Number of protein chains: 2
Amino acid sequence: MRELKDLAGIIGLATWDQETYLPPKAEPARAGQLSTLQGLYHQRLVAPEVGDWLGAWSEKAVSDDERAMARVFARERDRAIRVPADLVRTLAESQGAALTAWRVAREARSFTPFAAPLERLLVLRREQADAIGHGGERYDALLEGYEPGMRTERLMPVLHALRDRLIPLVQALAGWPPGADALAGRRFPAEAQWRFTVELLGRLGFDLEAGRQDRSVHPFTGGTHPTDVRLTTRVVEDNLSAALFGTLHECGHGLYEQGFRESDHRTPLAAAPSMGLHESQSRLWENLVGRSLAFWRAVYPRLQRAFPGELGAVPVEAFHAAINRVARTPVRVEADEVTYNLHIVLRTELELEMLRGNLAVADLPGAWNAMLRELLGIEPPDVVKGVLQDIHWAWGELGYFPTYALGNLYAASLLRAAERALPDLWPAIGSGEVGPLRSWLRTHVHAEGSRLDAEDLVVKVTGSGLTDVDFVAYLRAKYGALSGRNLS
Amino acid sequence: MRELKDLAGIIGLATWDQETYLPPKAEPARAGQLSTLQGLYHQRLVAPEVGDWLGAWSEKAVSDDERAMARVFARERDRAIRVPADLVRTLAESQGAALTAWRVAREARSFTPFAAPLERLLVLRREQADAIGHGGERYDALLEGYEPGMRTERLMPVLHALRDRLIPLVQALAGWPPGADALAGRRFPAEAQWRFTVELLGRLGFDLEAGRQDRSVHPFTGGTHPTDVRLTTRVVEDNLSAALFGTLHECGHGLYEQGFRESDHRTPLAAAPSMGLHESQSRLWENLVGRSLAFWRAVYPRLQRAFPGELGAVPVEAFHAAINRVARTPVRVEADEVTYNLHIVLRTELELEMLRGNLAVADLPGAWNAMLRELLGIEPPDVVKGVLQDIHWAWGELGYFPTYALGNLYAASLLRAAERALPDLWPAIGSGEVGPLRSWLRTHVHAEGSRLDAEDLVVKVTGSGLTDVDFVAYLRAKYGALSGRNLS
């Protein structure tokens, strides 16, 4: 288990490096190195002697922790064993082909070049799901790869309830905000942005001696170990939000990674139980804290000092309104907190129906546009800002999108539980002190590692499982106050 | 072979990262990850099925390249197999203990704490040499690890001839230069130094799209692949030479690494045949080119523009004299081109006699000081600037020091051959054009990879093997001109 954890850490290093410091001509070499490492990881994971050892060890496991470790390790191993090596290879090749086709299609602003490669990936994913095994719903087998323990029949009703509450909320906010964006048209020097984001990391309690921040085109959190957590952010001079909320988002992931128990570090327990729960931590810091008025009341004076010319005359309320504008956009990554999950509902619905065979790939662009109209009342200007906007399907990732919505819902429920446990949570944040919240999350979420499946952990911490109730209540309260409209 | 090359590349990445960007708290985790990777590398290298494959493949090898590949690979593998795993482990532990003791001894300014751990390493290195096998001279087995094909009976007479020519040369230069150092007491802003070193890399033809430069405490060349060569340098504001010659030195190593044939990249042939030959390339660019008047005639105006306040009034001749001062110092890394190899003679002689059992560890400090007096006529102020100055013995590295001298000697002989082949070599350098020299080295040295052992390659290129003649002739000509003294 230690060897695999070390190898996974090194794969993390090689991947981080690929996105940050790798010289351009080394890209093919790095692909080869990563494929060798991943092959070695797989070989060691599925080795028969590892299975013998795991079986013997599981029987002797006496503590809860040992049993949890054996369970998490066996789950990863069983999944790896069930998928034949041939299928893994074919999938990797087809992903490469689909990615190329996706780029060609975007270039041509036409879905057609992408249709056949996507169809091929669907066929292979169905094969993979059957190899892994499921109780009749193939999507479950894929979902399990990102969100262990989650099932389609549990997920979809929650997403539908969420959808049914969000549509009227979006409608009630139509036309708001009326004024101009206080941040638009300003230029924020890159160096000052960078310094401010690093200061922000320190303020939030990210340990810069056990991690670092670098620049990359697409922000992400990687690294090799809980003492070596690597965040990236991007700095765009005419868009201050990119760096601010990029850093806040990745910092949430980073605090999770730094928060595992030291005694778990070289075991399978030093991991989040799911992508959704990981995302809950990034969303919590990015949105629930990072777009709150209380947080910026404490931090905004520093931001003004960093950009005196640009922000000196902008009051904190105007800044807060600017970072919380609601606008219906066809593009998911540009969406605000209110509309964002509708983009996820759309994708989850469509990929589920495609995998089930109820929606033909040829009909996908039409279905996409129809559902966007139904959910948001808008149409994409073209396929690049429509059905071809995300890279996920080109990677053959099916079952990944819902983890974004799960993250938002879990974040709201966890914050609600923290508010109940810490009555002074918001006054503390308002005076610049996020320590109590971070400590509470560390104790109740991060330090648990993967001892429990995500929803079981959320039940343990909040008293109830996956629900849209806390998230919708949060939106209603926040945007009701901001807009002055009645959103209940 | 590809898998091992990929693993070696990734070990290179993890090591580079350790010295550049690793967060301080991650040091223990990285040590564990590296040990896992090295263990995997060793396991795969010595695996019996690899031996079977290698045997079968060697018999079928038809081309010279295939035979060379099989030979290089088998040599590494045989060496790895011969040393028992227990001894490897004990050596690693004893190296750790010796390193700690070395630090304690330096802190205490006393050799005593280091004596027993060094004795232990000597015992283990003798065991290792016997396990590897030798013809009666254990030092050969260790030397072979850095300088395949080199033998003690070949090396020592050359080092002795070199010594006998250097001692009178140093004496003839006594009291020179008389004036003050034109670079002393000046401050060179770090940012401008950094920019200049990066420009220098481009000028020398180091491909910054297939490599990079970063900062580290001790400059080194690492990386993962010939398309991903990573140099480091250090910038010290009151010592311009540190960055200038650090960069020139590592650039020499880097040009070698970038110069392997593309078709060799994932084979054992994409490697220098020895440490000494690798060092010849760093010394060639650092000293033979990088401390020449011709080179700086072309480049110095740019350096002056980078530091107008500091160098605007310093003529190129004064700068050239400043970077070529000769002074007898007890510290190897501060030594100039004339005295440097005497430091190597001293270390080689002493480690050879210790390994042979002719010199007791307890007598080492006395022997060190006596030999320093004999070679340079000086004494170290204390053990920190004396017998404890280098980390090599604390690592248990015996046989490594001579590769520095081999590098200097090979560099001079190779440059001599280049001068014969390219009559316009120096005029070109004088007009800022190092391309002809670089191309010649690429063709005749770099692209050969490890097809031939170092000395065989040097014979092929220069017509004669290891010799001090070219190096001593170079010193006499250069310092004769600089000092105006008769050095023949």
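Reply: In chain A, 23 residues of domain 1 are in contact with 18 residues of domain 2, where contact means that two C-beta atoms, placed from the backbone, lie within 7 Å. Before going on, a word on the source: this is a predicted model, local features need pLDDT of at least 70, side-chain atom pairs count only at pLDDT 80 or more, and totals for chains, interfaces and linings use all residues. Residues are numbered from 1 along each chain as its sequence is written, while chains are lettered from A and ligands numbered from 1 in the order in which they are written.

Domain 1 of chain A covers 83-133 and domain 2 covers 136-488; these bounds come from an automatic or database domain assignment. Their C-alpha centres sit 28 Å apart. On the domain 1 side of that contact, the elements giving two or more residues are α5 and α6 of chain A, with α6(A) supplying the largest share, eleven residues. (Helices here are DSSP runs of H or I with at least four residues, strands are runs of E with at least two, and both are numbered from the N terminus.) Sorted by class, the domain 1 side has 13 nonpolar, four polar and six charged residues. For that sorting, Ala, Val, Leu, Ile, Met, Phe, Trp, Tyr, Cys and Pro count as nonpolar, Asp, Glu, Lys and Arg as charged, and the others, Gly among them, as polar.

A:Arg109 lies in the loop between α5 (85-108) and α6 (112-132) of chain A, and its phi is near 50°, positive in a residue other than glycine. Most residues other than glycine have a negative phi, and most peptide bonds are trans. A:Arg109 counts as partly exposed because it has 13 C-beta neighbours inside 10 Å; the scale is buried at 20 or more other C-beta atoms within 10 Å, exposed at 12 or fewer, and partly exposed in between, with C-beta atoms placed from the backbone. Over in chain B, B:Arg109 also has a positive phi of about 50°.

There are cis peptide bonds to look at too. One joins A:Trp176 and A:Pro177, with omega about 0°, and A:Pro177 is in the loop between α8 (152-172) and α9 (190-204) of chain A. In chain B, the bond from B:Trp176 to B:Pro177 is cis, with omega near -5°.

Now for the packing. The largest nonpolar core has 101 residues, and B:Leu204, B:Cys251 and B:Leu414 touch the most other members; such a core is a set of buried Ala, Val, Leu, Ile, Met, Phe, Trp, Tyr and Cys residues joined through C-beta atoms within 7 Å. Helix α17 (residues 401-421) of chain B gives the most to this core, eleven residues. Domain 1 (83-133) and domain 2 (147-488) of chain B both contribute residues, so the core lies between them. Leaving aside residues up to four places away in sequence, B:Leu204 touches B:Cys251, B:Leu255, B:Trp285 and B:Val434. A second, separate core of 100 residues includes A:Leu204, A:Leu376, A:Tyr400 and A:Phe471.

Finally, the two chains together. Rotating by 180° with 0.0 Å of shift along the axis superposes chain A on chain B, RMSD 0.0 Å, which is the relation of a two-fold axis. The same surface serves both copies, as 100% of the contact residues of chain A recur in chain B.

Notes:
Copies are superposed by least squares on the C-alpha atoms of residues with pLDDT of at least 70 in both.
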